[in-house]
Amino acid sequence: MARYRSAPAGEKLRESLDRLPGIGQQAAQRISDWCLYRNGGDDLLNALSAALSEPLCSSCRLRFDPRLGASCPLCAEFSRQQQPILVVQNTKTAHLALESGYSGGMFVLHGVLSPSNNVGPTQLYLDTLFERAQLLVPRTLYVALESSVEAQVTLEFIARRLPAHQIIAWDVDQLPHLIRERMHETG
Ligand SMILES: [Zn+2]
């Protein structure tokens, strides 16, 4: 009698998908089946490979369109002005800020401190943020994180490490309004 054993690379794919945030075992199985048996895999592979090849700015931690030049347009613009840095938790908030007319410095954490998920200051590249903060005039950071205990801990950690800076917490839900107000103040 023939014995079936699941193919090992497919098994690894399911495990990798299961580790993605918010996926879980059942969804990992469905996505993996879609990739391997319903021709979704090639599209996904191409899209992922293309997205990963786009340059990642080491200063703001956003990927940018290489057709616009060799360096990140956001940080190139920022270096010409002396403006505060806006620290955000994810690309969703970064895009919301930019769409709302924000034009200062940006830093994307891609997460918050979470010891139980092995996310520490290194994973969030906080040293890069602290180095950039030392060059700021005025010494102001806006921090717009989602509301959670971990986000609050992250905000406090940043404030402790930058005692000479003014750290202003921004409510993500109020972001467009806060940005309009700030842009109005600074002209
Ligand atoms: Zn940048």
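1. Contacts along the chain. Among contacts between residues at least 6 apart in sequence, 51% join residues at least 24 apart. Two residues are in contact if their C-beta atoms, placed from the backbone, lie within 7 Å. Residues are numbered from 1 along each chain as its sequence is written. This is a predicted model: local features need pLDDT of at least 70, side-chain atom pairs count only at pLDDT 80 or more, and totals for chains, interfaces and linings use all residues.

2. Confidence. The mean pLDDT of the chain is 92. A value of 70 or more is reached by 96% of the residues. Here pLDDT is the predictor's confidence in each residue, on a scale from 0 to 100. Where pLDDT is low, predicted coordinates should not be read in detail.

3. Overall dimensions. The radius of gyration of the chain is 20 Å, whereas a compact globule of 187 residues would have one near 16 Å. The radius is taken over C-alpha atoms, and the globule rule is 2.2 Å times the number of residues to the power 0.38. Along the principal axes, the C-alpha atoms fill a box of roughly 75 × 40 × 30 Å. Of the 187 residues, 22% count as buried. Buried stands for 20 or more other C-beta atoms within 10 Å of the residue's own, exposed for 12 or fewer, and partly exposed for counts in between, with C-beta atoms placed from the backbone.

4. Domains. The chain is divided into domain 1 (8-53) and domain 2 (66-186). These bounds come from an automatic or database domain assignment. The C-alpha centres of the two domains lie 31 Å apart.

5. Element order. The chain has eight helices and four strands. From the N terminus on, the elements run α-α-α-α-β-α-β-α-β-α-β-α. Helices (H or I, at least four residues) and strands (E, at least two) are DSSP runs, numbered from the N terminus.

6. The sheet. The four strands form an open sheet in the order β2-β1-β3-β4, with parallel pairing. The edge strands are β2 (105-108) and β4 (166-169), and each pairs on one side only. Neighbouring strands are turned by 25 degrees against each other on average, direction ignored. Two strands count as paired if DSSP finds at least two bridges between them.

7. Strand β1. On one side, four bridges join β1 to β2. Valine 87 stands opposite phenylalanine 107 in β2. Strand β1 (residues 85-88) also pairs with β3 (residues 140-144) in the parallel sense, over four bridges. Across that pair, isoleucine 85 faces leucine 141, and valine 88 faces alanine 144. Which way do the side chains of β1 point? Ile85 and Val87 point one way, Leu86 and Val88 the other, and all are buried.

8. Strand β3. Four of the five residues of β3 are buried, so the strand is largely enclosed by the rest of the structure. Four bridges join β3 to β4, and the two run parallel. Tyrosine 142 stands opposite isoleucine 168 in β4.

9. Helices on the sheet. Helix α5 (residues 91-99) lies across β1, β2 and β3, and runs at about 140 degrees to β1. Helix α7 (residues 149-161) packs on the sheet and touches β1, β3 and β4. The direction of α7 makes about 165 degrees with that of β4. Axes are lines fitted to C-alpha atoms, for helices over the stretch in contact, and angles run from 0 to 180 degrees between N-to-C directions.

10. Cysteine 60. This residue is found in the loop between α3 (40-53) and α4. Is Cysteine 60 buried or exposed? Cysteine 60 is buried, because 23 other C-beta atoms lie within 10 Å. Not counting residues up to four places away in sequence, Cysteine 60 touches Cys72, Leu74, Cys75, Met106, Phe107 and Val108. Cysteine 60 and valine 108 are 48 residues apart along the chain, yet their C-alpha atoms are separated by 6.1 Å.

11. Histidine 95. Histidine 95 is found in helix α5. Histidine 95 is exposed, because 12 other C-beta atoms lie within 10 Å. Histidine 95 and glycine 120 are 25 residues apart in sequence, and 24 Å apart in space, C-alpha to C-alpha.
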